[in-house]
Amino acid sequence: MILLTNIYKDALIGAIQVKEANLTVSDGFKEEMTALIDKGNKYIVVDFDGVIYVDSSFLGALVSSLKYAIANQAEIVVSGLNKDVSGLFQLIRLDKAFKIYSSATEAAERKS
Amino acid sequence: MPDINTKTFVFDNHADGLYPLVTDMIAYIHQHAQVSEATTQRLKVTMIELLTNALKHASQSATAIKVELTEDKVSIQKKDTGNGLAIFCHQNFMEWPLPGVHHTGKVITIYSNGDATLKANLKDNCTLQFFIEETENTDPVDINTLAEHFGLMIITRACNTFTYYFDVDTCSNNFIISISL
């Protein structure tokens, strides 16, 4: 299991349970995200708190999940990015595709 | 004669060894040069993606990573004998060295991602240099135009130069990046 999930207010928070979000877990992450969307969750916070780095495979899985979410009228936001991960999102402009929050609870409370 | 520090690291092509190796390479660079936090971030993402590329495509048990520092830049060279860089011409997969002779100056498209396109300038039938062509900047971004593979684009954005070279003598793939200090 890559994500530990819990409901907070109207959001589902999926906390990433691995420190290295890389190609060894990207397929599993994508499958878990697809299942969460299929269950009808409409606002999913992917919490990166504790993740030390993210590679391109994991980012690909995240973008794929976002496309699937949008096709199902759902939203994915991210939280808890460390400096390196935050810099990576900016580098390839994923900060334009995802709303980014400092913490999962802040992300959940900002649900529009 | 300016100082040049060089060290070759060996990646065992196991994911567990990826981040410890990145940490070792960053520590080596910091031993020999003053590097800003922003440059360190660029170095890290470049190393992570070069090693991830090795995990995906290198067929042998180990990959050599050569780190070279001069007064004003860091160069990193990844060398392996796995699958060559996949490029396509009119949807045909191209083998290295590229066939024919009239390659110099030709620009090929690798893939598009949102408002940017990753392209490469062919230097000859064994060498290309990546660059990014920005297209119309849309805000918010059209999610459906985002690619789901980012590795080469991350490296191209993070470094100053990014070159692929196929060595015909050793049949090896060489990814060479440089980042200014």
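Two strands pair if DSSP finds at least two bridges between them, and helices (H or I, at least four residues) and strands (E, at least two) are DSSP runs, numbered from the N terminus. This is a predicted model, in which local features need pLDDT of at least 70 and side-chain atom pairs count only at pLDDT 80 or more, while totals for chains, interfaces and linings use all residues. Residues are numbered from 1 along each chain as its sequence is written, and chains are lettered from A and ligands numbered from 1 in the order in which they are written.

In chain B, eight strands form an open sheet with antiparallel pairing in the order β1-β2-β3-β10-β9-β8-β7-β6. Its edge strands, each of which pairs on one side only, are β1 (5-11) and β6 (107-113) of chain B. Strand β7 (residues 116-124) of chain B is joined by eight bridges to strand β8 (residues 127-134) of chain B, and the two run antiparallel; B:Lys119 stands opposite B:Phe131 in β8(B).

| Helix | Strands | Angle |
|---|---|---|
| α2(B) | β1, β2 (63-69), β3 (73-80) and β10 (172-180) of chain B | about 5° to β3(B) |
| α3 (residues 151-158) of chain B | β6, β7, β8, β9 (161-167) and β10 of chain B | about 85° with β8(B) |

The domain assignment, which is automatic or taken from a database, gives chain B domain 1 (5-80) and domain 2 (87-170). The centres of these two domains of chain B, taken over C-alpha atoms, are separated by 21 Å.

The contact between the chains takes 24 residues from chain A and 26 residues from chain B. On the side of chain A that touches chain B, α2(A) provides the largest share, nine residues. Within this contact, α3(A) and helix α2 (residues 37-57) of chain B pack at an angle of about 80°, with their axes 10 Å apart, and are therefore roughly perpendicular to each other, a term for angles of 65 to 115 degrees. Here A:Asp84, A:Gly87, A:Leu88 and A:Leu91 in α3(A) meet B:Gln41, B:Lys44 and B:Val45 in α2(B).

Definitions and conventions. Two residues are in contact if their C-beta atoms, placed from the backbone, lie within 7 Å. Axes are lines fitted to C-alpha atoms, for helices over the stretch in contact, and angles run from 0 to 180 degrees between N-to-C directions. Angles under 35 degrees count as roughly parallel, over 145 as roughly antiparallel, 65 to 115 as roughly perpendicular and the rest as oblique.
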